[in-house]
Amino acid sequence: MELLDIFNLFFGLALFLYGMHVMGDGLKKSAGKRLKSMLQSMTSNTFKGFLLGAGVTAIMQSSSATTVMVVGFVNSGLMTLKQAFGVILGANLGTTITGWILALGSTGGSGASFMDYFSADTFIPVLAVIGVVMVMFMKNVKRNDLGTILMGFAVLMAGMDMMSGSVAGLKESEAFGNLFVMFENPVLGVLVGVVVTVIIQSSSASVGILQALTITGKISYMAAVPIIMGQNIGTCITAILSSIGASKDAKRAAVIHLSYNVISTILFLPIFLLVAHFGDIPVVREMATPLGIAIINTSYKVISLILMPFGDQFVKLANFIIKSDKEDDKTQLLDERLIATPSVAIERCKTVTVAMAELAVSSIKDAISLLGSYDEKAAQKIHEDETLVDEYEDKLGSYLVKLSNQNMPASDSLEASKLLHVLGDFERISDHAMNIAGSAEEIHEKKLEFSNEAKQELKIISGAVCEILDISLESFKNNDLKMAFMVEPLEQVVDYLRDRLKKRHVNRLRKNECTIELGFVLTDLLTNLERVSDHCSNIAVCVLEIAHNDDLDIHEYMRGLKKEEDSKFNEYYDRFKEKYALPSSQK
């Protein structure tokens with residue numbers, strides 16, 4: 001093998017890996033929403049998890065990427081080990097699609113025939129040109145993504161074609177032939193598959209190399225089968241490396257992946273050798289072809305599914321190998337591994353942000369309840385929740401900034417922007433909960449008591465604030481534009497109530513029906529309640545604005561909304577004003 005051939009072999013491998021990356025990236029972008037819906041269908045049912053793993057891996061073109069994602073899910077507490085087992089089985093099968101693409105791409109004859117039109121030399125340039133045109137000249141996002149997929153596929157096939165061409169001269173090499181005769185030793189064959197796949201960290205690429213080598217006519221199926229089994233073991237290295245520093249359950253997920261492939265090899269390799277030796281099957285001694293490698297790879301993984309019912313046993317084995325510490329092994333809120341799949345990472349961020357929002361909203365309601373009946377334990381809980389909300393904001397903000405640097409679909413980019421903008425509002429809402437709890441503590445310690453009129457008024461404005469919190473949270477969680485539109489009219493009602501209550505307080509001061517000290521407390525409470533409604537308005541307007549024009553200028557949008565004489569807006573305003581009307585006797 002000449003130096004130029006060696007260079008072409010490695011350059012072809014580089015093109016192959018890059019093409020796989022580009023094609024997978026395009027597929028992930030175009031299938032972002034489908035990835036989310038797949039993940040939402042995840043259950044404890046092993047078979048559904050298997051289908052999920054197969055589907056996601058077919059989209060991502062990498063079982064390693066899927067298993068790394070599984071490690072991230074387990075580490076984040078999104079997935080149990082039993083669920084992970086099903087997804088790992090699916091990932092093992094889903095990755096075989098690359099081998100079929102390569103095998104079908106190598107179809108073609110030596111003479112003029114219909115099949116020659118499907119040979120790599122024929123369609124690679126065509127696909128490359130179409131892909132370049134779609135990426136450079138088409139503004140439609142879906143067509144742009146399709147162009148990326150076609151370009152990646154063309155590069156991948158060009159790399160495969162280059163690898164095949166570089167080893168073609170080995171047909172006549174006696175030393176190369178003897179080398180693969182030696183690899184018919186099943187143990188050596190498995191080791192070769194493991195080592196090559198560990199080095200390049202891609203079973204798809206490893207299988208592609210094996211398919212390219214079949215062009216030499218020196219590789220028999222007897223040698224290929226153990227190598228394929230070794231490749232399935234070698235691909236586990238990515239998940240193992242990814243689990244370093246993760247939770248115990250994340251490490252167990254990587255162990256499940258490794259143990260499944262090792263046990264499959266230990267179980268089925270002897271069976272294959274016995275059948276090959278005593279079954280007198282001529283095809284075993286024949287020279288392998290790219291299509292034959294794809295068939296064997298898929299068949300082996302389908303046969304291995306006989307282990308699917310033993311998910312509980314694999315989980316027990318993983319728990320035995322990775323033993324629990326006495327200390328709790330906490331999951332992470334957000335896992336860096338998910339950033340490689342932006343659509344999935346965005347969905348996780350949304351889930352964590354909703355948890356943060358619900359905590360902030362419940363804190364406000366708990367704080368308001370302290371005004372009527374102060375409880376020290378409840379006040380301490382509000383303080384703890386506020387600290388947790390701060391932690392949420394810090395981690396989510398840093399994570400979303402990293403995520404925003406990724407290449408992602410426009411819809412995911414908008415979702416990331418929305419999350420970044422609402423984080424601060426939810427965090428400030430929890431701060432106001434602390435302020436209200438502080439006022440409740442002051443009332444309790446100083447034994448202050450509002451007049452019956454002031455209590456009734458506080459109850460009315462507090463009810464309005466609790467409702468605006470609920471509406472804002474619901475509109476954010478479900479991206480409900482109708483509910484989001486209801487927030488601004490209610491916010492203006494809260495502003496109106498605040499102004500009216502301040503005037504009523506001044507009147508009570510003039511009549512000596514209230515004290516200056518109570519007035520300061522009341523003013524603080526009204527200010528905090530009104531500012532909570534302002535943050536709710538920011539959240540709702542953010543939801544509305546992104547949905548309407550994708551341009552995040554919240555303050556400008558709010559000014560326009562308030563100036564607009566919209567009958568629906570006025571209808572909601574009048575309805576809320578009537579619902580939270582102050583007692584007529586106090587007007």
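Is E415 buried or exposed in this structure? Before I answer, please keep in mind that this is a predicted model, in which local features need pLDDT of at least 70 and side-chain atom pairs count only at pLDDT 80 or more, while totals for chains, interfaces and linings use all residues. Residues are numbered from 1 along each chain as its sequence is written, and side-chain values use heavy atoms, with hydrogens and water left out.

E415 is buried, with a relative accessible area of 17%, where buried means under 20% relative accessible area, exposed means over 50%, and partly exposed lies in between, using a 1.4 Å probe and protein chains only. Its side chain meets that of K350 in a salt bridge, at 3.9 Å from N to O, and by a salt bridge I mean a side-chain nitrogen of Lys or Arg within 4 Å of a carboxyl oxygen of Asp or Glu. This pair links distant parts of the chain, since E415 is in helix α19 and K350 is in helix α17 (residues 342-370), 65 residues apart; helices are DSSP runs of H or I with at least four residues, numbered from the N terminus. K350 also counts as buried, at 13% relative accessibility.

Let me turn to another pair, E391 and K395, which form a salt bridge with their closest N and O atoms 3.1 Å apart. Both lie in helix α18 (residues 376-404), 4 residues apart, about one turn of the helix. E391 counts as partly exposed at 35%, and K395 is partly exposed at 39%.

Finally, a search of the whole structure finds 19 salt bridges.

Definitions and conventions:
Helix = DSSP H or I, 4+ residues; strand = E, 2+ residues; numbered from the N terminus.
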